[in-house]
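Please look at the sequence and the model below with charged side chains in mind. The paragraphs that follow go through some of their pairings one at a time.

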Amino acid sequence: MEKTNGGLDLDIVTNGTFDNDDIKETIINYGKNFSTIEKYLRESTSSPNNIANGQEIEKGKIIWNENPIIGSYVGWVNIRDGKHASSWKPKVNYTVGQEIKATPDNGNIYRCVTAGKSMVNSPTFLVGNGVEFYDANGNNWHPTYNYKVNDVVFATNGSKLYYYICETEGITDTKEPAWSSVVAGSTVVDGSVVWRKEATIKWKQVGISSEFRPFGKVE
C-alpha cells in the first residue's frame with residue numbers, strides 16, 4: 001500500500017490504494033452493522049398512534065413506552081411489514097388522499113377517494129388490490145318506522161352518495177323525504193325523526209398496513 005507522511009511520521013492510505021485495502025472492507029462492515037443497530041435504537045412514544053402516517057415500517061421494529069406504569073406495557077413491536085396509518089374512527093371528516101387502516105384490523109391500508117364523514121359503525125372493509133367501496137353501514141329508509149339516535153339510512157333509490165343519520169329519535173312519515181333538496185351537513189324533519197345529511201366516504205385499498213402489538217406487561 002502506498003504511504004505518504006506529508007512531513008509527519010504517519011502512514012496515510014491514499015485514494016489509489018483504498019480500494020485494495022482491508023480498511024475499506026472493515027469500514028463497510030461497520031457501516032452495515034450501524035445501520036442494523038439504528039433500526040433498533042431506543043425510540044419511544046406514549047402510543048403507536050403518535051407515529052407519523054405514511055412511514056413504511058419493517059417487521060420487528062420496536063417502539064418503547066415513554067411512560068410505563070403498572071398495568072401498561074414496556075413497548076410495542078411491529079409484527080407486519082407495511083405502511084403506518086391511524087385506524088379508522090367514527091364521525092370523522094376525511095379528505096381525499098387521507099389513509100387509514102381498517103377497524104378492526106384486516107392487514108390493509110385504505111385511501112379516501114371521495115371525501116365525506118365516517119359513520120358511527122365501521123363499514124365492511126373489502127380486501128383485494130385496488131378495491132373501492134363506500135363507508136356505508138345502514139339500510140334503506142322505511143316509512144312509519146321507529147328510528148333511534150345514530151341509526152343510519154339511505155335513499156330508497158339505492159344511492160350511497162349521501163347517508164342520513166338520526167339525531168332525534170321518532171317515527172318516520174308515510175312519505176320519503178325529498179333528500180335531494182337537503183343540503184349536506186344540514187337536517188331534515190321526517191315525521192318525528194330528525195335526520196342529518198352527510199356525504200359518504202369512498203375508500204380504496206392501496207397496500208398493506210403495519211401492525212404494532214404491545215409486549216412486556218408491567219406487573
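**Salt bridges in the predicted model**

At a relative accessibility of 16%, Glu-99 counts as buried, because the cut-off for a buried residue is under 20% relative accessible area. The model is a predicted one, and in it the side chain of Glu-99 meets that of Arg-111 in a salt bridge, with 2.5 Å from N to O. This pair links distant parts of the chain, since Glu-99 belongs to strand S7 (residues 99–101) and Arg-111 to strand S8 (residues 108–114), 12 residues apart. Arg-111, for its part, is partly exposed, with a relative accessible area of 31%.

A second pair is formed by Glu-198 and Lys-117, whose closest N and O atoms are 3.9 Å apart. Glu-198 counts as buried at 11% relative accessibility, whereas Lys-117 is partly exposed, its relative accessible area being 23%.

The next pair brings together the side chains of Glu-211 and Arg-213, which meet in a salt bridge of 2.8 Å from N to O. Here Glu-211 is buried, at 9% relative accessibility, while Arg-213 is partly exposed, at 41%. Both residues also belong to one network, in which salt bridges that share partners join Arg-80, Lys-101, Asp-105, Glu-211 and Arg-213.

How many salt bridges does the structure hold? There are 10, among them the pairs Arg-111 with Glu-99, Glu-198 with Lys-117, and Arg-213 with Glu-211.

How values were computed. Residues numbered from 1 in each chain as written. Predicted model: local features only at pLDDT ≥ 70, side-chain atom pairs only at ≥ 80, totals over all residues. Heavy atoms only, no water. Salt bridge = Lys/Arg side-chain N within 4 Å of Asp/Glu carboxyl O. Helix = DSSP H or I, 4+ residues; strand = E, 2+ residues; numbered from the N terminus. Buried < 20%, exposed > 50% of the residue type's maximum accessible area, 1.4 Å probe, protein only.
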